[in-house]
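This report describes the fold of one protein chain.

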Amino acid sequence: AACNKPAPTAETPAGASTTMAPATTSAAPASTGSEAVAKPAPTDFDQLAKRVVANAGIKEGEIVMITGRGQDSELLEDLAVATRSVGAFPMILYSSDRLSKRLFFDVPEKYDAQMDALDMKMANVANVVISLGNGMSENLFEGADPKRMAARGKANEGIGQAYLKNNVRTVELGNNLYPTAWRAARFGMSQDDLAKTFWNGVNIDYADLQKRGGEVKAALAAGDEIKLTHPNGTDLTVKIKGRPILVSDGIISAEDMKAGGAANAAYLPAGEVYTTPVAGTANGKLVNSKAFYRGKEIDNLTMTFKDGKMTAMTGEGPGFADMKAEYDAVSDPRKDEFSFLDLGINPNVKLPAGSAVGNWVPAGTISVGTGGNTWAGGSNNVPYGQTVSLPGATVTLDGKPIIEGGTLKI
C-alpha cells in the first residue's frame, strides 16, 4: 500500500497481498515448499543490501519494514542485517502467492469493506519500506469477483495516502522485471537471460544514472507539449508545462526527502523520469498491441482520449472481457483520467525486439496510463489504473524528438 506503481497487468487484486505477522530481526521467513528456489545468488546480496540501505538514506533509530516471499529469504535476511548494521530496526513481513490467494478467496466477503488497520498503523510507524516484487504466478486470482476486488481497493484507498503524507521512504525491488518464468516468456527470453538483464539493470552505475536522469528531467521541465506516436496506431498529445518532474535513479537523496511524498521512492531496476499531465489536455488514441490479463492475451487494446478523459476502450482476445469486467466494477470516474507519462532511461536493461510486452525502464521506452498517479506526484488516488509501455515509439517535445523509434535522444 506504500504508494507503489501499478503493474501493466493485474497480478494481484487490491487488498489481497496482505502480509502476515512480523518476524523478529533474527528470524527468517518460513520455506514455502515449491516456491523455495535453491540456486546460487545471482548477485552479491550482501553488497546489494548495503547499497539499498545507503541509497534509501536509512539512519540509526529508524524503523524499516521489509516485505517479500519465501523464495527471497536470503535477500530479506541480508537487507535486515544491513539495516541493523547502521543502527536501524528491521522487521521482516512474510507473504507467498499461496497466502495472497487464500487471503482473498478464503476470507468472507463481508470483510471486503474493512480497511487494513494493521497496514494503516504501519504507515504511522515505519520510516522506510523495502519490498520485493516477485509474484510467481500471473493468473493467481483467476476467478476473483471483480466487485470484491473493487471493494477491497476502495476500503484501503486511504492507506497509500497515509504513507505519502508521513513521508515514508519506499524501495521496490522488482519493477515488473523480477526474473520469473512467466515474465521471461512474455519478454521472449529464457529465465536465465532475464535474470542477467534484471541484475545488470539493478547493478548500474547510480552516479551515471543520476546524471542521465537530471538531463532528461531538465529537458521535460523546459517543455510544454508531448506528442506520442507508434506504428501500431498510437497518436496522442498531452501538455506537461509546469508539472513536477520526478526521477527514479535508485537513490533517495536529501533533496528527495525534503520534497517528500512521491519523491521518497525508488524502483529497482531504476531508470525512469516521470510526470503527470496538465489536467484536461490529453487527446488522441493509445494502442497496446499485445497485453495480458491473468495470463490471457488482449490484442489491440485501444483507448480514446478527449480533454484528458478516456471516452472509449476496445480490445480483442480472451483476456479483454475479464479485464473489462474489472474496469466496469470500479465506479469511480477518476479511473478514466489520463494520469502519467514515464520515460525509461536505463541503458543496461534491453528487451528482445520481438518481446510481446514492454517495461518501464529500458532506455527509449515510454509508458503512459490512466487512473491512480500519486506515485508519480499527482493527486488521483483511485485504486485502479491501466498502464501501457510502448517500446519502439516516437516522442516529440514541442516538435523536437526526444525518443525516436525507441531510441532516447536526450
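**Overall form and confidence**

The model is predicted. The mean pLDDT of the protein chain is 90, with 90% of its residues at 70 or more. Residues 9-38 form a stretch where pLDDT stays under 50, and the model has 66 contacts beyond four places in sequence for them. Where pLDDT is low, predicted coordinates should not be read in detail.

The protein chain contains 11 helices and 19 strands. Its C-alpha trace spans about 55 × 50 × 40 Å along the principal axes. Among contacts between residues at least 6 apart in sequence, 75% join residues at least 24 apart.

| Helix | Buried residues |
|---|---|
| Helix 1 | F45, L48, A49, V52, V53, N55 |
| Helix 8 | L194, A195, T197, F198, W199, G201, V202 |

Helix 1 covers residues 45-55. At its start, a side-chain oxygen of D44 comes to within 3.2 Å of the backbone nitrogen of D46. After helix 1 comes G57, which has a positive phi, near 65°. The buried residues of helix 1 pack against helix 2 (73-84), helix 8 (191-202) and helix 9 (206-221), and also against strand 4 (128-132), strand 5 (169-173) and strand 9 (265-268).

Helix 8 has 12 residues, so at 1.5 Å a residue it should span 16 Å; its end C-alpha atoms are 16 Å apart, in agreement. The cover over the buried residues of helix 8 includes helix 1, helix 7 (181-187), helix 9, strand 5 and strand 9.

**Nonpolar cores**

In soluble globular proteins, nonpolar side chains tend to be buried together. The largest nonpolar core here has 100 residues, and I130, L220, I226 and I366 have the most contacts inside it. Which residues does I366 contact, leaving aside its neighbours within four places in sequence? They are L228, L341, D342, L343, V388, S389, L390, A393, V395 and I403.

Conventions:
Residues are numbered from 1 along each chain as its sequence is written. This is a predicted model: local features need pLDDT of at least 70, side-chain atom pairs count only at pLDDT 80 or more; totals for chains, interfaces and linings use all residues. Side-chain values use heavy atoms; hydrogens and water are left out. Buried means under 20% relative accessible area, exposed over 50%, partly exposed in between (1.4 Å probe, protein chains only). Helices (H or I, at least four residues) and strands (E, at least two) are DSSP runs, numbered from the N terminus. Contact means heavy atoms within 4.5 Å. A polar contact is a pair of N or O atoms within 3.5 Å; within protein, one must be able to donate a hydrogen and the other to accept it, and residues adjacent in sequence count only if both atoms are side-chain atoms. pLDDT is the predictor's confidence in each residue, from 0 to 100. A nonpolar core is a set of buried Ala, Val, Leu, Ile, Met, Phe, Trp, Tyr and Cys residues joined through side-chain atoms within 4.5 Å. The expected span of a helix is 1.5 Å times one less than its number of residues.
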